[in-house]
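This report describes selected features of one protein model. Please keep the sequence and the structure in view while reading.

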Amino acid sequence: MSLKLYNTFSRKKEVFKPLKKGFVGLYTCGPTVYNYVHIGNLRTYIFEDVLRRTLEAHGYTVQHIMNVTDVDDKTIAASKHAKKDLSVFTKEYEKAFGDDSAKLNILAPTRPFVRATEHIPAMIMLIQKLLRKNYAYEKGGSVYFDISKFAPYGKLAHLDKKGLKAGARIDVDEYAKDAAQDFVLWKAAKAGEPSWPAPFGSGRPGWHIECSAMATAYLKQPFDIHAGGVDLIFPHHENEIAQSEAAYNKPFARYWLHGEHLLVDGEKMSKSLGNTYTLRDIEKKEFTPLSLRYLVLMAHYRTKLNFTWQSLKSAQQAYRELVEFTKELIAEKSAAPIKTAHSYASYEKKFFAALDDDLNTPKALAVLWQFIRAYHKAKTTYPNAAYALLLKCDAVLGLEFAEVTLLKIPLAIQQLAEKREQFRTEKKWQEADALRAKIEKMGWQILDTDAGSTLKPRM
Ligand code: AMP
Ligand code: ZN
């Protein structure tokens, strides 16, 4: 089956063909590391992870590069506020981002995060090239890209050229979404802010130049796929295209993929609106990170997804059921004869066909549930083959079915836990607490979540 991806560039689903047989160069815009990322950001990173895993399931070797923005207005202001050195400050949040990603089973990029501050010379070279080719100009110690010089400007975002404000300039890092203006490539140094020497005066890079320089440094130009959230189409990705294509006179990236937003009460989850939750917030409410991953997979990446605690609760419940099914298979499979001849090939085919259709994860999950229902109804089952199928699907879903093991809970512990549950329903809290203490003394831990209680050996 061929993989089809929706290319923002053409506004169509296109059959994916890499530039080099067997290899894919993938660039995804990473976070600005001045705070914890929120679960809206994480939705985008999960979508990109599914993209990467789908490409790998097709046998491609993916070179995946992700940047972190570790110098801009926000990181500078926040590090000053925290009275910390910029690089010490940003590394703390970079690490937190790596930890959150790992908990969500998001594969790490194939190189460690590439940091803007460690690629300043490449950015300076690119800016020099743009100055030489007359696409850029200097003003007050800063350097700007002249959008009127780049004829295809607006081709990704499909901008109405009449809206272009030639000559108007923007040099803050917060960009208006509706005004196309000359944008800053290099900001003149300000007293008390970090700066780097450059032939056009000391200063620091603008946000867009960072991604142009780093993508090309590792993936060459052109490369295969560039991805991010929809809010990056304009101006960020439009400006990346302008810089890179003006400098090298060849295409930048071939496929542009954009994930829709996670909403709260119908509005985009964003730090500026103050309606964000972090992974820590959801863990505090005793939700497992992988239930968030499951929730995200339940929606197609190009549709908006409204976050509610109830939807997370349902996702956690469904995810638990998948884990229970995996356990059931593990228990059966050791005893069952190995029937290698049999496989559940039709489900496997349908599952991967859904993913090949522009990463349709809700459809793929629906196929998995169809399979589980059919498995439970069938007179003869082949647990070995079923388990193998689950693991294959999980290579893309990333729900860690391979990590599921059978936990043998001693009968005495099980009975105490059931008794405690009964006390809790009768609101006999003291008795319930006494049983919890007893269970803990016996080396087990009870985890109460919105979706019910579970038992785990104490660490
Ligand atoms: P930022 O740190 O704002 O540059 O965002 C990092 C990534 O998260 C980008 O790819 C954004 O497009 C994406 N993003 C930001 N807010 C949301 C949201 N509410 N839902 C989904 N993705 C988002
Ligand atoms: Zn970027």
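## The zinc site

In sequence, the residues that donate to the zinc ion (ligand 2) follow the spacing C-x181-C-x24-H. The model is predicted, and in it the protein donors are Cys29 through SG, Cys211 through SG and His236 through NE2, at 2.0 to 2.2 Å from the zinc ion (ligand 2).

Cys29 belongs to the loop between β3 (23–28) and α1 (39–57), whereas Cys211 belongs to helix α5 (residues 207–219); the pair therefore ties together parts that are 182 residues apart in sequence. Both Cys29 and Cys211 are buried.

## An enclosed helix

Helix α8 spans residues 289–297, and nine of its nine residues are buried, so this helix is largely enclosed by the rest of the structure. The buried residues of α8 include Pro289, Ser291, Arg293 and Tyr294.

## A pair of packed helices

Helix α13 (residues 411–425) packs against helix α14 (residues 429–441) at an angle of about 160°, and their axes are 8 Å apart. Because angles over 145 degrees count as roughly antiparallel, α13 is described as roughly antiparallel to α14. The crossing of these two helices, α13 and α14, is left-handed.

Which residues of α13 and α14 meet? On the α13 side they are Ile413, Leu416, Ala417, Lys419, Arg420, Phe423 and Arg424. On the α14 side they are Trp429, Glu431, Ala432, Leu435, Arg436, Lys438 and Ile439. The residues of this contact between α13 and α14 comprise eight nonpolar, six charged and no polar ones.

Notes
Residues numbered from 1 in each chain as written. Chains lettered and ligands numbered in written order. Predicted model: local features only at pLDDT ≥ 70, side-chain atom pairs only at ≥ 80, totals over all residues. Heavy atoms only, no water. Axes fitted to C-alpha atoms, helices over the stretch in contact; angles between N-to-C directions. Helix = DSSP H or I, 4+ residues; strand = E, 2+ residues; numbered from the N terminus. Parallel < 35°, antiparallel > 145°, perpendicular 65-115°, else oblique. Left-handed = near helix turned anticlockwise from the far one by under 90°. Contact = heavy atoms within 4.5 Å. Nonpolar A, V, L, I, M, F, W, Y, C, P; charged D, E, K, R; others polar. Donors = N, O, S within 2.8 Å, 3.2 Å for Na, K, Ca; no water. Buried < 20%, exposed > 50% of the residue type's maximum accessible area, 1.4 Å probe, protein only.
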